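Subject: Structure handover

Hello,

The structure we talked about is below. Please open it first, then read the notes under it.

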Amino acid sequence: SQTIHQWPATLVQPVGSPLSLECTVEGTSNPNLYWYRQAAGRGLQLLFYSIGIGQISSEVPQNLSASRPQDRQFILSSKKLLLSDSGFYLCAWSPDRIQETQYFGPGTRLLVL
Amino acid sequence: SQQGEEDPQALSIQEGENATMNCSYKTSINNLQWYRQNSGRGLVHLILIRSNEREKHSGRLRVTLDTSKKSSSLLITASRAADTASYFCATATGANNLFFGTGTRLTVIP
């Protein structure tokens with residue numbers, strides 16, 4: 001069966017520090033991968049999605065970047081965190097067709113101080 | 001925005017009662033999905049209904065879709081305390097992603 005992992009679960013970082021969040025998927029190949037951010041009590045904002053290695057699409061201009069160095073690995077990064085980067089970051093995957101069901105990881109709660 | 005909007009934003013009911021949540025959207029869709037999120041956790045897919053379907057059931061869940069009104073409803077029958085969570089609708093429009101609503105926060109009181 002397929003599983004999705006995210007780490008770390010919680011992260012407290014100072015403003016201006018770098019960020020690296022990792023997401024890996026097991027049990028499937030060539031998944032579509034997504035990074036979302038969720039502000040407290042709000043819906044999901046799609047940040048990036050990827051349909052293959054090295055193929056990244058950005059949905060909103062921001063202080064973040066994403067990379068997909070391996071088929072089942074998706075990394076969210078920042079060179080210098082802002083206070084506004086605080087939030088709950090969710091990684092998800094879906095099978096071949098992007099419009100179908102997405103499966104979410106447990107999330108990373110990021111607090112920038 | 002193509003984003004769905006859930007209504008109500010919050011709902012509180014007694015255990016055993018039925019809970020109904022609604023979702024409205026703005027553009028044509030290929031399918032509409034409902035997800036559940038427990039506090040501080042990831043989202044869990046509940047049910048997917050395609051644009052040519054009008055009603056779908058899964059256990060205690062019933063989803064309806066009215067494409068003429070661009071709306072969907074999620075009914076949870078015989079609610080349990082464990083159903084307490086936030087519920088989100090997501091629309092698939094043919095673009096390369098799903099568009100999530102802002103969610104309904106359901107509280108089931110034992």
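This is a predicted model: local features need pLDDT of at least 70, side-chain atom pairs count only at pLDDT 80 or more; totals for chains, interfaces and linings use all residues.

Residues are numbered from 1 along each chain as its sequence is written, chains are lettered from A in the order in which they are written, and side-chain values use heavy atoms, without hydrogens and water.

The interface:
- Contact (heavy atoms within 4.5 Å) links 24 residues of chain B with 20 residues of chain A.
- About 1600 Å² is buried between chain B and chain A, and carbon and sulfur atoms give 48% of this area. Buried area is the accessible area (1.4 Å probe) that two parts lose on being put together, summed over both.
- The side of chain B that touches chain A has 8 nonpolar, 14 polar and 2 charged residues. Here Ala, Val, Leu, Ile, Met, Phe, Trp, Tyr, Cys and Pro count as nonpolar, Asp, Glu, Lys and Arg as charged, and the others, Gly among them, as polar.

One residue within chain B:
- B:Ser73 is buried, at a relative accessible area of 16% (buried means under 20%, with a 1.4 Å probe and protein chains only).
- Beyond its neighbours within four places in sequence, B:Ser73 is in contact with residues including B:Trp34, B:Arg62 and B:Thr64.

Regards

Technical notes:
Buried means under 20% relative accessible area, exposed over 50%, partly exposed in between (1.4 Å probe, protein chains only).
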